[in-house]
Amino acid sequence: MSTGSDQEFFASLALRHCPGIGSRRALLLLRAYGSAYAAVRDASNWTSRGLLAPALSRTFLREEWRPAAESEYRAARAASMERLTWADPRYPARLRELSDAPLLLYCQGDVALLGNPSVAVVGARACTNMGLRAAEIISTGLSALGITVVSGLAEGIDRQAHLGGLSGLGSSIAVLGAGLDQDYPPRNADLRTILNERGLVVTEFGPGVEPRPSHFPVRNRIISGLSLGVVVAEAAAKSGSLITARLALEQGREVFALPGPLGQPSFVGCLDLLKQGAILVEKAEDIVEALRFPLRTALGELPDPRPDFQPPELPPARLPEVLRPVPRPVRTAKRFTPPPPTRPAPAPPADLPPLERRLLDVLKRERKTHIDELCRLLDLGSAEVGSALLLLEMKNLVRQWPGMSYTLFEDDGAYGS
């Protein structure tokens, strides 16, 4: 990190931690001066230039921001966190356009992904199999075309969206509602590891900032802001995904939604979006067609889909076996009657690594098994087993269930057993 970059970083922190300024006023300064460093150096003239009220200028000049800014600066440097300030050429252009763009982003992974055309895929944590499969199909299809999938690293739809994005050229970006050094949600630690290595994780929150409910609506503006459009794969009436959709509309992005089955509470939010004018989609090609012009602008010239790219069709909404209730922890002694498998698992490839093959053998014998039990049976650590399970999940050979239990993919019906 160069001295100039350090100066810009510290000046950005000074603006962020100054009481009363806020991101919108800070952006006013950045646009007037071109950088945070230039703005801070001319703080005594903000009022005469008509940029800020005299009281705010005096507050800044008293340096009430200095203790918090220095603390965050030292913590970020100690953790060697990569950061992009608003003035950095690598800062995503679509995000810079926002009236409340973050002053800086902390990043872990492939920062070049911020320059890709992106589409957000979001939805409910407590989702149905239909929502999961829709997120998988759409995200996999987008990524195969080189489009990056953006989501929020939550469980449920977000997790499936990231997995689909990571399976192709487009890869995936996760936007956190906490600092980069926070392990949240802990159940997605395996996915976070892969995103760090093959995708990108970003946040505007500094080191040590824990996830709080108020952070996620704020975080959602970055998810939509990075994207050309937002796909809501499954959302109930008051889902946080609807906040992302509203923000996308305010930012001039397209909003897409899946219809879902009539009467399914977890799709009520999607139906409301469609009534309000969202574009109905069922597969990646629907999104590409709707975004063809901005995608062509972003890519220079949007290539036609590869001849061999044939995404699977979504199952008809009326099929009862894919509309089962949202999986929840067992609350009573009543046993859940599993539906028939939704589709057979593909045959394992002949060159499957030994550990992945051992895991398949164990799951074939033991059926639904918790990751801790898998570690015990294989006498291996959780990190090694978790990484292998994630790779198997991306190959559609195993499925993760709530509570960190796993089954072979064709053992869909093992849930709740």
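Okay, let's start with charges: this structure holds 17 salt bridges. Keep in mind that we're looking at a predicted model. As a reminder, side chains of opposite charge can pair when their charged atoms come close.

Let me pick out a few. Take E72 and R16, whose side chains meet in a salt bridge at 2.4 Å, N to O. That pair links distant parts of the chain: E72 sits in helix α5, residues 66–78, while R16 belongs to helix α1, residues 3–16, and the two are 56 residues apart. Are these two buried or exposed? Well, E72 counts as buried, because its relative accessibility is 10% and the cut-off for buried is under 20%. R16 is partly exposed, with a relative accessible area of 26%.

R221 has a relative accessible area of 8%, so we call it buried. D100 is buried too, at 17% relative accessibility.

R221 has another partner, and that's E204, with the closest N and O atoms 2.6 Å apart. E204 comes from the loop between β6 (200–203) and α10, and R221 is in helix α10, so here the parts being tied together are 17 residues apart in sequence. At 11% relative accessibility, E204 also counts as buried.

So which residues does the network around R221 link? It's a network of salt bridges made of R24, D100, E204 and R221.

Right, on to the nonpolar side of things. In soluble globular proteins, nonpolar side chains tend to be buried together. Here, the largest nonpolar core has 76 residues, and the ones with the most contacts inside it are L15, W46, F60 and I173. Which element gives the most to this core? That would be α1, with six residues. There's also a second, separate core of 25 residues, and L145, I147, A161 and F256 are among them.

Let's zoom in on I173. Leaving aside residues up to four places away in sequence, I173 touches L113, L114, T148, V149, V150, S151, H162, L200, V202 and L226.

I173 is part of strand β5, residues 172–175, where S172 and A174 point one way and I173 and V175 point the other way.

What sits alongside β5? On the one hand there's strand β4, residues 148–151, which runs parallel to β5 and is joined to it by three bridges. S151 stands opposite A174 in that pairing. On the other hand there's β6, also parallel to β5 and also joined by three bridges. This time A174 stands opposite V201.

How do you get from strand to strand? Going from β4 to β5, you pass helix α8, residues 157–166, and the three make a right-handed β-α-β unit. Then β5, helix α9 (residues 189–198) and β6 make a right-handed β-α-β unit as well.

Note on methods:
Residues numbered from 1 in each chain as written. Predicted model: local features only at pLDDT ≥ 70, side-chain atom pairs only at ≥ 80, totals over all residues. Heavy atoms only, no water. Salt bridge = Lys/Arg side-chain N within 4 Å of Asp/Glu carboxyl O. Helix = DSSP H or I, 4+ residues; strand = E, 2+ residues; numbered from the N terminus. Buried < 20%, exposed > 50% of the residue type's maximum accessible area, 1.4 Å probe, protein only. Core = buried A, V, L, I, M, F, W, Y, C linked by side-chain atoms within 4.5 Å. Contact = heavy atoms within 4.5 Å. Pairing = 2+ DSSP bridges. Right-handed = clockwise from strand over helix to strand, strands pointing away.
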